[in-house]
Amino acid sequence: SSVGREGVIKIVGGTEGTKLLLGDVVKTVAGVSVHGMDLGAVNRLLRGPPRSTVSIEVSRGWAELPIKADVRRRSGKQRRPQQPPLAPETSIPSFRDLPVPRA
């Protein structure tokens with residue numbers, strides 16, 4: 001989620017497998033209006049037990065009625081896989097080691 005210039009909370013990612021689209025404006029989370037809340041307060045409403053669901057109501061520019069979606073919370077912090085360290089015999093060339101371009 002992100003706070004737009006108008007002070008509204010907008011969806012900016014994590015919409016895979018849901019009815020939500022990027023740019024949707026969040027109206028309620030778990031039945032609680034987010035009008036006037038800052039991003040931190042909305043994030044606290046979104047958090048909960050891993051793999052549980054939370055109901056979100058959004059408005060979309062062209063839709064007349066609010067759109068309701070149940071979103072499954074993540075199973076905890078997702079870590080990026082760590083890259084293995086370079087072997088000691090592997091060297092990374094420096095800028096000085098690059099060939100000089102010829103005109």
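**Close-up 1. The loop between α1 and β5, seen at R51.** R51 sits in the loop that links α1 to β5. In this predicted model, the phi of R51 is near 70 degrees, a positive value in a residue that is not glycine. Is the residue buried or exposed? R51 is exposed, with a relative accessible area of 58%. For context, most residues other than glycine have a negative phi.

**Close-up 2. S52 and its contacts.** Here we stay in the loop between α1 (39-46) and β5, where S52 is also found. A polar atom of the S52 side chain lies 2.6 Å from the backbone oxygen of P49. Which residues does S52 touch once neighbours within four places in sequence are left aside? They are V71, R72 and R73.

**Close-up 3. The largest nonpolar core.** Let us turn to the inside of the model. The largest nonpolar core holds 13 residues. Those with the most contacts inside this core are L20, V26, V29, I56 and V58.

**Close-up 4. V58 and the residues around it.** V58 belongs to the group with the most contacts inside the largest nonpolar core. Leaving out residues up to four places away in sequence, V58 touches L20, D24, V25, V26, K27, P66 and I67. Among these partners, L20 and V26 are also listed with the most contacts inside the core.

**Close-up 5. β3 and its pairing with β5.** How much of β3 is covered? Four of its five residues are buried, so the strand counts as mostly covered under a cut-off of 20% relative accessible area. β3 pairs with β5 in the antiparallel sense, over four bridges.

**Close-up 6. The hairpin of β3 and β4.** On to another partner of β3: strand β4 (residues 32-33) pairs with β3 in the antiparallel sense over two bridges. V29 has V32 as its bridge partner in β4. The hairpin has two residues between the strands, and A30 is found in this loop between β3 and β4. What is the phi of A30? It is positive, about 55 degrees, although A30 is not a glycine.

Terms used:
Residues are numbered from 1 along each chain as its sequence is written. This is a predicted model: local features need pLDDT of at least 70, side-chain atom pairs count only at pLDDT 80 or more; totals for chains, interfaces and linings use all residues. Side-chain values use heavy atoms; hydrogens and water are left out. A nonpolar core is a set of buried Ala, Val, Leu, Ile, Met, Phe, Trp, Tyr and Cys residues joined through side-chain atoms within 4.5 Å. Buried means under 20% relative accessible area, exposed over 50%, partly exposed in between (1.4 Å probe, protein chains only). Contact means heavy atoms within 4.5 Å. A polar contact is a pair of N or O atoms within 3.5 Å; within protein, one must be able to donate a hydrogen and the other to accept it, and residues adjacent in sequence count only if both atoms are side-chain atoms. Two strands pair if DSSP finds at least two bridges between them.
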